[in-house]
Amino acid sequence: MRFHAPITDMKFLLFDVLHADELQGMEKYQEATPDVLVAIMEAMGSFAADVLQPTNKVGDVQGCSFDAQTRAVSTPQGFREAYQQFAQAGWTSLDAPVRFGGQGLPHVLKFIVDEMVCSTNLSLGMYAGLSHGAISALYSHGDSRLQDIYLPRLVSGEWTGTMCLTEPQCGTDLGLIRTRATPNDDGTYSIEGTKIWITGGEHDLADNIVHLVLAKLPGMPDTTKGISLFVVPKFFPDSGDRNAVYCGGLEHKMGIKGSSTCVMNFEGARGWLVGEPNDGMRAMFTMMNEARLMVGMQGLGLAEMAFQESLAFAHERLQSRSPAGPANPDGPADPIIVQPDVRRMLMRQKVLNEGMRALALFTGHQLDLSVAHPDAAARQAADDLVQLLTPVVKAFLTDEGFNNTNMGLQVLGGSGFTTDWPLEQLVRDGRIARIYEGTNGIQAMDLVGRKLSLAGGRLINTPFELLDNYLQQHSGAPFADPLKDSIAALKEATLWIATHGPQDPEQAAAAATPYLRLMALTVIAYLWSRMAMVATECMASGAGNHSWFKGKQTSAQFYFEKLLPENRWLLSDITSGKESVMGVSGDQW
Ligand SMILES: Cc1cc2nc3c(=O)[nH]c(=O)nc-3n(C[C@H](O)[C@H](O)[C@H](O)COP(=O)(O)OP(=O)(O)OC[C@H]3O[C@@H](n4cnc5c(N)ncnc54)[C@H](O)[C@@H]3O)c2cc1C
């Protein structure tokens, strides 16, 4: 089916719930009027359905191909044309700095656009997605010479970027990197080593590929402290000559087959240092944090497409009769949407998808406030929330995005398992998002092991203040009691980790994944309460579609009754400690 952009929900969140229209009052975002934002959202809705979606299945069936003689990679049929249109329409430059040809629009708009790109063609979207991270790393850490050379052409989409971290012996633990950078007399470096699983490492979509590469200077130790970041172009921007970086082959994967995943050999390639020597991880984290948020949108985007497909199927597929008596007496059977068990699956998809979208756009909006708000304290609070929620968005949206995509497949029964329907591709494509950009287990470790203790615990106090203030200011807020209960559970879990973690880090590590999930469910509960409250206000004012707002209220009820109660189980998982996790050993396995 043709993708239907969920613009109504996006507008509701952006303007009615988050009040993102206030961004235009901040100097940085004067251009971001509601009219502009809506026009861009609608334009992407059409572009995604007309240009991106038609090449999605071709990308899956054909995949990328590698020519061992020329060491070139070809993308699937139609990708090159679709990418050119994507770049020419300005989709690569949306929130990029104006100084380098970008449009300087709010990040939250980019989140919205990313979701639609991922709904319709994740593989194609990955090429531009990695470029975006490269732009941020160079913008934040590169010197002006590097910025002037690379940023305009990355921003325009004329060139694409990569992120080269992983090597055969190191994925999570980047301290084990072996790629070496030897200084040359002219201030450049010779880069030697092999990187694996590099997204967009080689392809035929753009004229040049700009690799951002982690490598070690001579004599540096086997820890993340000794890592530096280099920019290594495929072709030198001044001469156009070929640099000594080549694709050594493609990975054969279960999904995102249109995205080239490459072994990259650096054979004495010439590179330029980005930022300070041995400070590469800091620069790379700029890129990774951004990429983590984008990967979260991948999970949501695929789940949204799966929901649309399964909802349409449930309306059309005639099987059995409703337990309440025939709903389609003139037909041979009733549509399966009348079955409570099918409803359960559809409601779970709808309510979690909308909750995840709320969490993502809330985080995107905070990102904008963290750079544009005139008040320094407000900027700091927004930045705290973004830092804290980045691993939550990445992990929860990809875990639950995948689960919802899988649930969409279940609604289709046997049809979902066949390649005649798009569900099986969506499931395969979505599986990787829980793994790359740091596995979801590592996101949870980042939250518990790093973020909770940052700035003397200030980060974690920020959402508690926000949630407590909300309940104080809105004593009659919808679902206030279960929300209060969830906040209490999250506070208890936080205290448990703060008490047990410092003496025994295994306790904190064993609690990390359920803790991240508890935080996600609680923040989403706060957002569902707000959404239900705004829906009630809109209904009372007579604004908008009454029936749509009623659906929002019922969805909030489903969230609080059927989904949020998992929080009590999560709290018990956390506070029961590590014993049963770590206790089995030797032949007990
Ligand atoms: C399709 C695809 C595209 C990719 N694109 C890129 C790219 O563009 N650039 C790039 O550099 N890399 C890329 N990667 C690599 C990806 O980022 C890594 O696969 C990922 O970071 C995990 O590393 P690993 O696979 O080596 O797993 P490992 O590090 O070996 O981990 C294996 C398991 O152990 C767990 N684990 C490891 N250490 C810990 C710990 N300290 N605490 C708790 N659990 C732990 C992990 O969570 C995981 O479940 C890509 C991978 C794929 C498959």
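1. Let's start at the ligand. It has 19 residues around it, the closest being Leu165, Gly171, Thr172, Thr199 and Thr439; a residue counts as near a molecule if its C-beta atom, placed from the backbone, lies within 6 Å of it. At least two residues of this shell come from each of β3 (159-164), β5 (189-199) and α12 (440-450). Those labels are DSSP runs numbered from the N terminus: helices are H or I with at least four residues, strands are E with at least two. By type, the shell has ten nonpolar, eight polar and one charged residue. Here Ala, Val, Leu, Ile, Met, Phe, Trp, Tyr, Cys and Pro count as nonpolar, Asp, Glu, Lys and Arg as charged, and the others, Gly among them, as polar.

2. A quick word on what you're looking at. This is a predicted model, where local features need pLDDT of at least 70, side-chain atom pairs count only at pLDDT 80 or more, and totals for chains, interfaces and linings use all residues. Residue numbers run from 1 along each chain as its sequence is written.

3. Now have a look at strand β7 (residues 227-233). Seven of its seven residues are buried, so the strand is largely enclosed by the rest of the structure. Buried means that 20 or more other C-beta atoms lie within 10 Å of the residue's own; 12 or fewer makes it exposed, in between is partly exposed, and the C-beta atoms are placed from the backbone. Both faces are covered, with Ile227, Leu229, Val231 and Pro233 on one side and Ser228, Phe230 and Val232 on the other.

4. What does β7 pair with? One partner is strand β6 (residues 208-216), antiparallel over seven bridges, with leucine 214 standing opposite leucine 229. Strand β9 (residues 261-274) also pairs with β7 in the antiparallel sense, over three bridges, and there valine 231 stands opposite tryptophan 272. Pairing requires at least two DSSP bridges between the strands.

5. On to the helices. The axes of α2 (residues 34-52) and α5 (residues 107-141) come within 10 Å and cross at roughly 0°, so the two are roughly parallel to each other. Among the residues making the contact are Leu37, Ile40 and Met44 of α2 and Ile112, Met116 and Leu124 of α5. For the terms: axes are lines fitted to C-alpha atoms, for helices over the stretch in contact, with angles from 0 to 180 degrees between N-to-C directions. Under 35 degrees is roughly parallel, over 145 roughly antiparallel, 65 to 115 roughly perpendicular, and the rest oblique. Contact means C-beta atoms, placed from the backbone, within 7 Å.

6. Helix α1 (residues 7-17) joins in here: Met10, Phe12, Leu13 and Leu14 are buried, and the buried residues of α1 pack against α2, α5 and α8 (340-372). Just after α1, histidine 19 has a positive phi of about 55°.

7. Isoleucine 256, in the loop between β8 (245-250) and β9, has a positive phi near 35° and is buried, with 27 other C-beta atoms within 10 Å. Glutamate 437, in the loop between α11 (423-431) and α12, has a positive phi near 60°. Is glutamate 437 buried or exposed? It counts as buried, with 27 C-beta neighbours inside 10 Å.

8. Last, serine 136 in helix α5. It is buried, with 21 C-beta neighbours inside 10 Å. Setting aside neighbours within four places in sequence, serine 136 is in contact with Thr286, Met287 and Glu290.

How values were computed:
Contact = placed C-beta atoms within 7 Å.
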